[in-house]
Amino acid sequence: FELTDEQVKKVQEKQHEEQMEVVGEMIKVQVEEEQKVNEAEEREDAKARERAARKEKSRKSKKKYSLSLEDTMLYEVKKLEPAKDHPLEAFLRDIATQMGIDLDFSVKASDELVFVEITGKDTGTIIGKRGSTLDAVQCLASYVVNKDSDKYIRVILDAENYRAKREKTLVNLANRLASKVERSGRPTTLEPMNPYERRIIHSEIQNIAGVSTNSIGSENNRK
C-alpha cells in the first residue's frame, strides 16, 4: 500500500499543523510564565520602594528641628543669668580691637557655663569660614576662663545664631550620609571637626539603627 503524492502532501501538512500547534502552546506557556515572573518582580519592587519610603519617612519624623535654642545643645543658655563686667568681656573687646572689627559682647554665666552672644556689623568676620575664627577665639576664651579655675567651665561663643544653624546643618548631613552608607554598605569619612561638632554627629547617628560612628585622627585633624 502506497500513498499518492497528494496524500503524502496532506499528511505532511497535517503533521506541520500539529507541530505548529505544539510550538504555539509552548510559546504561550513561556509568555505566561514570563508575565508571572515580571509581575512578581514588579510587586517586589513596589514593596521595596514602599519599605524605603516608610523608612525615610520614619527617619525624617524622628525629630523636628528649628533654629530655636530649645532644639539645640545650647538650650542651657536660657537658664543663665547676665554677667555684667565679666572678665571675659574685656578680653574679647581687646581681641576685637586688635582685629580692627566692631563688635559688642553680651555675657551670661553660671558656675559651669559661660555664654557670649556677639553682635555688631563685623560678626561675619568673627565667625569666619565654617566658624573657624569663632572656634579659634572660643578656644582662647576657654583658656582665659579656666586658667585660674579649680573646675572646668565650658565656654560657648555665638554670633548670628551660628551655633544653632550649624547644628541643623550637621544633623542633616548625618542623616544624609547615614542613608548613603545604608544603601552602599560602604563607610564614609567626614572632614575634621571640633569636639562640639563631632558630638552632634555622634549623637544623631545613635538614633539611626544599623549605622555607627567613631572618631579617628588627633588634634586638629580628628574627624
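Ground rules: I'm working with a predicted model, so local features need pLDDT of at least 70, side-chain atom pairs count only at pLDDT 80 or more, and totals for chains, interfaces and linings use all residues. Numbering starts from 1 along each chain as its sequence is written, and side-chain values use heavy atoms, with hydrogens and water left out.

Core entry. I looked for nonpolar cores (buried Ala, Val, Leu, Ile, Met, Phe, Trp, Tyr and Cys residues joined through side-chain atoms within 4.5 Å; buried is under 20% relative accessible area, exposed over 50%, partly exposed in between, with a 1.4 Å probe and protein chains only). The largest has 23 residues, and Leu88, Val114, Val116, Ile118, Ile126 and Leu157 touch the most other members. Elements giving it two or more residues include α2 (87-99), β3 (113-119) and β4 (154-159); helices (H or I, at least four residues) and strands (E, at least two) are DSSP runs, numbered from the N terminus. I also found a second, separate core of 13 residues, with Met193, Tyr196, Ile208 and Val211 among them.

Ile118 entry. Beyond its neighbours within four places in sequence, I have Ile118 in contact (heavy atoms within 4.5 Å) with residues including Phe105, Ile126, Leu157 and Glu160.

Loop entry. Glu160 sits in the loop between β4 and α5, and I noted its positive phi, near 55°. Asn161 is in the loop between β4 and α5, with phi near 55°.
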